[in-house]
Amino acid sequence: MAFLLAGCAAGGEPKTTAPNANADGRDAAAFFADGREAAERGDAIRAEQYLSLALAQGYERSAVIPLLLQVCIAGSHLRAALNHAEPYLRQHPDDQQLRYLVATIHLGLGQREEARTDLEQLLRASPDYADAHFLLGVLESDDDETEARAHLLRCLELAPKGEHAPEVRSRLSEMAVRDDRAVRVARETDSGERGPRYEAEPRGYPSETGDTKWLDVRAPRIDERTIHPENTP
């Protein structure tokens, strides 16, 4: 699931000297301003430190947490991000965007069951959350392809032009090819003979316009009529 949090890892956090909360008498608002400025210039490590100090001194959590999670993830500090996010999520269980982010962090840390629990809880509250269907479809691909296909199709229905739509179509196409290959092999095994070249049926999935687009998963028959159609009677 590395594509979800590209470049993020749980370990290898660089060391740097933390700012002193009492060095110059700055208050929580000053630390928050410093953290935001550091984030804007791409200094994720310093931004995380200042924002943590702002939290410790009582700055409004709803303002700090989104930015703090952003810089933690940018700095590859997934465990730190999770430590900040989960307590806030327990206080705000209806924050579905945060729950989705927590699920992606769990996946980035290899915590599949925790991610599945968060995504299922999110979909119980918001059944039309397309990104959650996408992520759960990807997660279920390794364990339950039928369930995975259902979530990926639902994602396309909800967001046919969404960010994940191209990948969803690719995954559904791969599933269709695997399914038809498995059916062909099973039939050949049962009969002891190779089946006809055109056994597989085309598979449909929603296009960007919402209409049905078809994937032809049948292997083309290459014969004399294909090579020289002018000789076809």
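Modeller: Let's start with a pair of helices: H1 and H2 are roughly antiparallel to each other.

Biologist: Why are H1 and H2 called roughly antiparallel?

Modeller: H1 (residues 28-40) and H2 (residues 44-56) pack at an angle of about 160°, with axes 8 Å apart. Angles under 35 degrees count as roughly parallel, over 145 as roughly antiparallel, 65 to 115 as roughly perpendicular and the rest as oblique, so H1 and H2 land in the antiparallel class. The axes are lines fitted to C-alpha atoms, for helices over the stretch in contact, and angles run from 0 to 180 degrees between N-to-C directions. Helices themselves are DSSP runs (H or I, at least four residues), numbered from the N terminus.

Biologist: And how far can I trust all this?

Modeller: It's a predicted model, where local features need pLDDT of at least 70 and side-chain atom pairs count only at pLDDT 80 or more, while totals for chains, interfaces and linings use all residues. Residues are numbered from 1 along each chain as its sequence is written, and side-chain values use heavy atoms, with hydrogens and water left out.

Biologist: What makes residues of H1 and H2 count as meeting?

Modeller: Contact means heavy atoms within 4.5 Å. On the H1 side the residues include Phe31, Phe32 and Ala38, and among their partners in H2 are Tyr50, Leu51 and Leu53. The residues of this contact divide into 10 nonpolar, one polar and three charged. Here Ala, Val, Leu, Ile, Met, Phe, Trp, Tyr, Cys and Pro count as nonpolar, Asp, Glu, Lys and Arg as charged, and the others, Gly among them, as polar.

Biologist: How do you know how H3 runs relative to H4?

Modeller: The axes of H3 and H4 (residues 78-91) come within 9 Å and cross at roughly 155°. That makes H3 roughly antiparallel to H4. Their contact has 10 nonpolar, three polar and one charged residues, with Ile65, Leu68 and Cys72 among those from H3.

Biologist: Which residues lie nearest the centre of the largest pocket?

Modeller: Pro66, Leu69, Gln97, Leu98 and Leu101, out of 13 lining residues. H3 (61-74) and H5 (96-108) each supply at least two of the lining residues, and H3 gives the largest share, six residues. By class, the lining has nine nonpolar, three polar and one charged residues.

Biologist: What makes it a pocket?

Modeller: On a 1 Å grid over the protein atoms alone, a pocket is an open set of points where a 1.4 Å probe fits, with protein on both sides within 12 Å along at least five of seven lines; lining residues have an atom within 4 Å of a point.
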